[in-house]
Amino acid sequence: MDQAQNSSAAKPAQYAIFEMACGYWVSQSLYVAAKLGIADLVADGPKTAEELAAVTKMHGPSLHRVLRALASKGVFAEDGEHRFGLTPAAECLLNRPGSQRAMVLMMGEEHYRAYGELLYSVETGKPSFAHVFGAPIFEYLSNHPAQAALFDEAMTGIHGAETAAMIDAYDFAQFGTVVDIGGGNGTVIRTVLEKNPNVQGILYDMPHVVERARPALEKSSVASRLKLVGGSFFESAPSGGDAYMMRHIIHDWYDPESLAILKNCAAVMRPDAKLLVIDAVIEPGNGPQFSKFLDITMLTMPGGKERTEAEFRELFAAAGFQLTRVVKTTSPVSIVEGKKR
Ligand SMILES: C[S@@+](CC[C@H](N)C(=O)[O-])C[C@H]1O[C@@H](n2cnc3c(N)ncnc32)[C@H](O)[C@@H]1O
């Protein structure tokens, strides 16, 4: 890299493009550190790359170069004795609940390889994930338990911060029972119940997902108010809810599959029950919005899309719902509320 490339003041547009093009330099270095568990290995004090390489069976000088590069981004810090220690950013890689480790691993493995074939998706309109891995993502996960567990955990890493924002923005206490359709590891419905002691919940997801979530949920403080139901939302939905909430479900699918999910909910919903689709709503214009790239993840991974308010309105109408309002939150997601027509 020459001096000009390194100087954002000299050539801001060129530098910005260069940095964008090289984003994977950082993401793959982060992936290696997460995969090797470096944060946990230095949690009790800083260590040299040689010490870390001995434990992880890596090549010391090369590991040193990766950690030095990450330290230049604030992930780990090297001291005067060439030992690497934790920083606030590196702590996000610790193997503990709520960390970003699973997200970094998932991004560095399947997502990285599927994104490598983005051009295939743009050429065909089909998800490159299935092209690379030989099966649609949720079928692949049902046959790869370790990756599936990582996926459930990664969802909390990616979307976890949205939970508090959606609970702040919307009154869940008005409902007797909230059904979380495709609720994954149950952290969303669990938090809704923790914050609303009079509400009952139903977690609905594929049987293997629900069974992975069961041990932690049965030990939680909301266990007596939370029912776990395994099944496919393409076949049916549990009855008895006052609200049918689905966060980051509809964006995983194109309209035909989304309509099937919504119609299965409509079939069991009482006339006064509410539909709560929690997803990003794409804003018009060129402004930055996290969801515009999450949309590319939907293109490549499951084969779905982020939608505008008009697109949600049309989808709701086709499934027999009326879109009643869009409640914004302080996070990238909004609550798109509907009722049966
Ligand atoms: C993007 S994740 C969202 C998880 C959770 N709602 C959240 O916001 O963190 C999509 C979820 O849909 C679930 N899912 C996929 N296909 C399903 C199906 N056919 N029936 C029920 N759930 C399904 C997945 O297991 C996964 O938990």
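Which domains does the domain assignment of the chain give? Select residues 3-94 for domain 1, then 154-340 for domain 2; these bounds come from an automatic or database domain assignment. Their C-alpha centres lie 36 Å apart.

Before you click on, two notes. Residues are numbered from 1 along each chain as its sequence is written. You're looking at a predicted model, where local features need pLDDT of at least 70, side-chain atom pairs count only at pLDDT 80 or more, and totals for chains, interfaces and linings use all residues.

**Stop 1: α3 and α8**

Select residues 23-35 (helix α3) and 101-115 (helix α8). Helices here are DSSP runs (H or I, at least four residues), numbered from the N terminus. The two pack at an angle of about 125°, with axes 9 Å apart; axes are lines fitted to C-alpha atoms over the stretch in contact, and angles run from 0 to 180 degrees between N-to-C directions. That makes α3 and α8 oblique to each other. Angles under 35 degrees count as roughly parallel, over 145 as roughly antiparallel, 65 to 115 as roughly perpendicular and the rest as oblique.

Now show side chains: Ser27, Gln28, Leu30, Tyr31, Ala34 and Lys35 in α3 meet Arg101, Val104, Leu105, Met107 and Gly108 in α8. Contact means that C-beta atoms, placed from the backbone, lie within 7 Å. This contact of α3 with α8 has six nonpolar, three polar and two charged residues. For the colouring, Ala, Val, Leu, Ile, Met, Phe, Trp, Tyr, Cys and Pro count as nonpolar, Asp, Glu, Lys and Arg as charged, and the others, Gly among them, as polar.

**Stop 2: α8 and α12**

α8 and α12 pack at about 115°, with axes 7 Å apart, so they are roughly perpendicular to each other. From α8, Ala102, Met103, Leu105 and Met106 meet Leu150, Phe151, Glu153, Ala154, Gly157 and Ile158 in α12. Here you'll find eight nonpolar residues, one polar and one charged.

**Stop 3: α12 and α13**

Thr156, Gly160, Thr163 and Ile167 in α12 meet Thr187, Val188, Thr191, Val192 and Lys195 in α13. By class, that contact has three nonpolar, five polar and one charged residues.

**Stop 4: the ligand**

How many residues surround the ligand? There are 17, and the closest are Met155, Gly182, Gly184, Ser232 and Arg247; a residue is near if its C-beta atom, placed from the backbone, lies within 6 Å. Colour the shell by class and you'll get eight nonpolar, six polar and three charged residues.

Notes
Two residues are in contact if their C-beta atoms, placed from the backbone, lie within 7 Å.
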